[in-house]
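Here is a short report on one protein model. Please read it with the sequence and the 3D view side by side.

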Amino acid sequence: MAIHYRKNDEHIVLITIDRPEARNACDIYHFRDLAKAWRDFNADNDAWVAIITGVERNFMSGADLKTFIPQVTQLQKQIAKGGVDEIDGCRLSDAVDAVLRNTKIYKPIIAAVNGPCVAGGMEMLGGIDIRIATEHASFGVMEPKQGLFAGGGTTVRLPRQLSFPAAMEFLLTAERFSAKRALELGLINEIVPEDQLLDKAYDWARRIAVNAPLAVQATKESVLRGLRENMKDAYKIESELSQKVFSSEDAKEGPRAFAEKRKPNWSGK
């Protein structure tokens, strides 16, 4: 298995891309497994925060074009011929699902980056909330260097997440940026020593997981859905989610725990 999925008793999931021989580039089967990892995380009510990372000094470098393109071509032919929508559990939608373009995950996600984050890695980063990196990390939307186009969400999400000049610096130069420059441009939250990367990622995850999961997820949902709407409709979404949270069991538990001077026992209900 090149995609590892591990959950601890703190409601934190660690997803690790483990394909160093290809700089953590994914073929059709690894996209399938990564997409499944995200679906498993989203469906598990006991999983509150996810961390995504890579092995050694790799994060994710997108598709392994030597194998991915022929595999997709073959899959398309088999699907057209056989009237099925998947082969060996692989779907044509797996690649975009794996890089979080189409998925609606309102649980927090943290990236721990210790190597190249380019192509599909940058696409996926756009769907991640907290990004920490080491000095060995690098970032880039480099598709135009090969006459290609970053069609997995980057041209849509990056200008919404960074200042316009910062986003266009990434998108138009198609250059690779150091972690230091990425921090200056607002792409990442923090640069940490290599030997502390996962510890820091878990620290971030615990800072989030200590809060009520329904309230955290509703907050992220309000942000993401609201960004797609005008202010009037965004406020409506916020109000609907607010009512949902205030009617939850956790909304009763929080004030009760505060009054009793103890830690709250969140049920996620």
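Glu-260 is partly exposed, at 46% relative accessibility. (Buried means under 20% relative accessible area, exposed over 50%, and partly exposed in between, with a 1.4 Å probe and protein chains only.) The side chain of Glu-260 meets that of Arg-262 in a salt bridge, at 2.6 Å from N to O. Arg-262 is partly exposed too, with a relative accessible area of 31%. A salt bridge here is a side-chain nitrogen of Lys or Arg within 4 Å of a carboxyl oxygen of Asp or Glu.

The model is predicted: local features need pLDDT of at least 70, side-chain atom pairs count only at pLDDT 80 or more, and totals for chains, interfaces and linings use all residues. Residues are numbered from 1 along each chain as its sequence is written, and side-chain values use heavy atoms, with hydrogens and water left out.

**Salt bridges**

The whole structure holds 18 salt bridges. The table lists some, including the pair above.

| Pair | N to O distance |
|---|---|
| Arg-19 and Glu-21 | 3.7 Å |
| Asp-33 and Arg-32 | 2.9 Å |
| Glu-260 and Arg-262 | 2.6 Å |

Take the Arg-19 pair. Arg-19 is buried, with a relative accessible area of 10%. Glu-21 is exposed, at 64%. A network of salt bridges links Arg-19 and Glu-21 with Asp-27 and Asp-64. In the next pair, Asp-33 is buried at 16% relative accessibility, while Arg-32 is partly exposed at 22%.

**The sheet**

Six strands form an open sheet with mixed pairing, in the order β1-β2-β3-β4-β6-β9. Its edge strands are β1 (3–7) and β9 (190–191), each pairing on one side only. Strands pair if DSSP finds at least two bridges between them. Helices (H or I, at least four residues) and strands (E, at least two) are DSSP runs, numbered from the N terminus.

Inside the sheet, β4 (residues 109–113) and β6 (residues 130–133) run parallel and are joined by four bridges. Ile-110 has Ile-130 of β6 as its bridge partner.

Helix α1 (residues 28–43) lies across β1, β2 (12–17), β3 (49–54) and β4. The helix runs at about 15 degrees to β1. Axes are lines fitted to C-alpha atoms, for helices over the stretch in contact, and angles run from 0 to 180 degrees between N-to-C directions.

**A helix pair**

How do α9 and α10 sit, and what angle do their axes make? The axes of α9 (residues 213–227) and α10 (residues 231–246) cross at roughly 170 degrees and come within 9 Å. The two helices are therefore roughly antiparallel to each other, a label for angles over 145 degrees; under 35 counts as roughly parallel, 65 to 115 as roughly perpendicular and the rest as oblique.

Contact means heavy atoms within 4.5 Å. On α9, the contact residues include Leu-214, Ala-218 and Arg-225. On α10, they include Ile-237, Leu-241 and Val-245. By class, the contact has seven nonpolar, two polar and four charged residues. Ala, Val, Leu, Ile, Met, Phe, Trp, Tyr, Cys and Pro count as nonpolar, Asp, Glu, Lys and Arg as charged, and the others, Gly among them, as polar.

**Positive phi**

Asn-24 is not a glycine, yet its phi is positive, at about 60 degrees. Asn-24 lies in the loop between β2 and α1 and is buried, at 0% relative accessibility.

Ala-174 also has a positive phi without being a glycine, at about 55 degrees. Its place is the loop between α6 (164–173) and β8 (177–178). Ala-174 is buried, with a relative accessible area of 3%.
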